[in-house]
Amino acid sequence: MFPACYSKAPNGKFQKTSFTTLIAGVFIVYVLHTCWMIYGIVYTKPCVNFKGDNCIASYLAEKPRLQLSIYTSLKPKADGEHRLIFTVEDFDIYSSFERTINVSLPTKTRDNGTLYVRVFVHHAGMSPWQDSRQVNHVAQLTTYMLPKPSEVSFISSQETAWQGEEREHSAEAATDPQPIPHWRSRLTFNIMAEDFAFSRGAVPSDVQRYLRVFQSEKKMLYLPVLFIDELSNRVRDLMEINSTTTELPLTLSHNTISLVKFRIWIHMQDIVYSLQRFGFTEKDVDEFKGIFVDAGQYFLSLTFFVAMCHLLYDFLAFKNDISFWKKQKSTAGISTKAVLWRCFGTVVILFYLRNEQVSLLVLIPAGIGTLIEVWKVKKAFRIQILWSDIKPVFQFGKSSESEKRTEEYDTQAVKYLSYFLCPLSLGGAIYSIIYVKYNGWFSWLINSLAYGVHGFGFLFMLPQLFVNYKLKSVAHIPWRTFMYKAFNTVIDDIFTVIIGMPTSHWLACFRDDVVFLICLYQRWLYPVGATRVDECGVLYNVKPKGKLHKD
């Protein structure tokens with residue numbers, strides 16, 4: 001299934017080395033184990049023996065008359081400081097609704113404080129604080145985020161009073177940025193309306209913490225299962241709170257939820273809480289939420305499969321790329337300028353992604369790739385670092401005749417490309433500094449370089465194609481690494497749809513597809529001979545020297 005290097009066995013036959021096969025086996029076992037765990041989540045064994053108190057049935061089967069009440073408070077336990085903001089006296093849990101109300105903010109909340117919301121489902125006509133058979137959950141309506149720095153034009157001298165105040169505020173925030181409170185303008189809560197009977201001794205642990213069970217005559221019943229959907233709280237719905245804000249809108253959304261989705265959502269929210277404890281920011285967590293909230297169940301399954309394949313091919317591509325360059329003794333046929341440009345481009349993109357504050361799901365792999373590209377430049381140019389006292393001295397290796405011929409073609413290709421690339425990059429930088437607003441000179445520089453790499457970076461992949469054309473050969477290309485990266489590029493095309501990222505980075509992923517297709521065409525046009533030594537150092541078709549036997 002996966003290509004692997006071959007070694008010669010003592011019996012003269014070729015056999016696969018075990019590393020790639022082992023990795024593929026571990027991957028398959030991991031996928032099967034994950035599928036088994038998902039099956040354990042989506043399937044809950046119902047109770048079929050209703051004799052005695054073996055089963056816990058739903059209280060909703062008795063069709064009680066219920067009421068919905070929503071309160072706000074400064075503390076999660078309320079302690080008498082609660083305020084009623086919304087109520088539905090005859091609450092039908094099977095009907096969905098969405099309403100927007102205005103919530104008055106207490107003075108403490110406006111002064112960098114917090115505000116909580118408590119949702120009650122209780123018997124109609126009774127106070128939820130006196131009803132012993134009520135269910136409630138608490139959520140936080142405020143969160144804290146760093147303010148986004150203001151963007152200004154470097155050329156335009158006109159500036160409004162509001163922009164001047166914003167710049168002064170941004171300058172103060174830049175020296176000592178402090179998180180400011182933001183309002184969560186959506187509150188989504190669900191009730192499990194499925195009439196499901198749990199087995200008393202086999203209630204899933206994730207569901208058990210949401211169940212409130214009571215004895216009714218000879219039956220065990222559980223109250224309505226209320227769930228506040230924290231995954232629906234997105235960064236795009238946040239509103240900044242300041243001292244002059246007296247009230248803000250709050251959209252209340254209610255819908256029923258099945259037991260399967262309820263259990264999946266519990267596990268997803270637990271993952272979100274774990275990410276927050278590990279130091280992930282609100283924006284990083286928001287990217288994770290978007291994968292599950294904005295996608296349907298089939299799209300979610302595709303996301304899981306794509307993520308597993310991406311992880312596998314990423315590892316195999318890194319492994320084979322490092323192995324190829326580690327054993328590489330000559331750069332004949334390899335465009336060193338393309339290697340150097342690729343290193344420069346990955347460094348620029350890393351700073352650009354960091355400046356755009358993208359998710360760590362994108363930033364961490366980009367950082368690892370940058371380190372590998374820097375190491376490849378060191379290998380391609382045979383750079384040695386010698387120390388003279390405390391001063392480093394860089395020493396470059398000598399080139400062979402074949403490497404000099406490759407360098408000549410490489411230089412020729414880059415010269416032609418520079419005639420086209422330099423005016424476009426310079427024109428784009430001048431246009432952006434005049435018409436586009438940035439929050440600083442560093443932001444302008446990184447964005448200009450990043451758009452140059454994204455928009456015209458594929459042109460610097462062309463020197464390798466030009467060298468292949470001149471040499472009429474592609475034998476020098478590490479095809480194992482190439483194919484893994486080709487598969488990963490297709491997966492990246494899917495990931496750009498699933499995970500939010502800047503538009504230029506999104507276009508760059510599809511741009512790489514064109515270069516890979518051209519390389520595949522050259523592979524077909526210049527077939528590799530069977531007598532070539534491959535990346536693993538194996539010669540498959542060896543012609544015998546002399547006669548194998550006497551006449």
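Trainee: In which helix does Ile 430 lie?

Mentor: This is a predicted model. The helix in question covers residues 401-435. Ile 430 lies in helix α10.

Trainee: Is Ile 430 buried, partly exposed or exposed?

Mentor: The relative accessible area of Ile 430 is 45%. Buried means under 20% and exposed means over 50%, with partly exposed in between. Ile 430 is therefore partly exposed.

Trainee: What surface patch does Ile 430 form with Leu 426, Tyr 431, Ile 434, Tyr 435 and Val 436, and what is the accessible area together?

Mentor: These residues form a nonpolar patch on the surface. Together, the accessible area of the patch is about 620 Å².

Trainee: Where is the place of Ser 232?

Mentor: Strand β15 covers 225-228, and β16 covers 238-240. Ser 232 is in the loop between β15 and β16.

Trainee: Does Ser 232 count as buried or exposed?

Mentor: The relative accessibility of Ser 232 is 14%. The cut-off for buried is under 20%. Ser 232 therefore counts as buried.

Trainee: Which residue's side chain makes a polar contact with the side chain of Ser 232?

Mentor: Leaving out residues up to four places away in sequence, Ser 232 touches Thr 188, Asp 237 and Val 293. The polar contact, at 2.7 Å, is between side chains. The partner of Ser 232 in this polar contact is Asp 229.

Trainee: Which residues does the disulfide join?

Mentor: A disulfide is a covalent bond between the sulfur atoms of two cysteines. A search of the whole structure finds 1 disulfide. With S to S at 1.7 Å, the disulfide joins Cys 47 to Cys 55.

Trainee: Is the link of Cys 47 and Cys 55 left-handed or right-handed?

Mentor: The angle about the S-S bond is -65 degrees. The link of Cys 47 and Cys 55 is left-handed.

Trainee: Does Cys 35 count as buried or partly exposed?

Mentor: Cys 47 counts as buried at 10% relative accessibility, and Cys 55 is buried at 7%. Cys 343, at 11%, counts as buried too. The relative accessibility of Cys 35 is 38%, so Cys 35 counts as partly exposed.

Trainee: What part of the accessible surface of the protein belongs to carbon and sulfur atoms?

Mentor: The protein has 14 helices and 19 strands, and 43% of its 551 residues count as buried. The accessible surface comes to about 31,700 Å². The part that belongs to carbon and sulfur atoms is 60%.

Terms used: Residues are numbered from 1 along each chain as its sequence is written. This is a predicted model: local features need pLDDT of at least 70, side-chain atom pairs count only at pLDDT 80 or more; totals for chains, interfaces and linings use all residues. Side-chain values use heavy atoms; hydrogens and water are left out. Patches are made of residues with over 30% relative accessible area and no salt bridge: like charges are joined within 9 Å, nonpolar side chains (Val, Leu, Ile, Met, Phe, Trp, Tyr) within 5 Å. Accessible areas come from the Shrake-Rupley method with a 1.4 Å probe; for residues, only the protein chains shown count as cover. A salt bridge is a side-chain nitrogen of Lys or Arg within 4 Å of a carboxyl oxygen of Asp or Glu. Helices (H or I, at least four residues) and strands (E, at least two) are DSSP runs, numbered from the N terminus. Buried means under 20% relative accessible area, exposed over 50%, partly exposed in between (1.4 Å probe, protein chains only). A polar contact is a pair of N or O atoms within 3.5 Å; within protein, one must be able to donate a hydrogen and the other to accept it, and residues adjacent in sequence count only if both atoms are side-chain atoms. Contact means heavy atoms within 4.5 Å. A disulfide is a pair of cysteine sulfur atoms within 2.5 Å.
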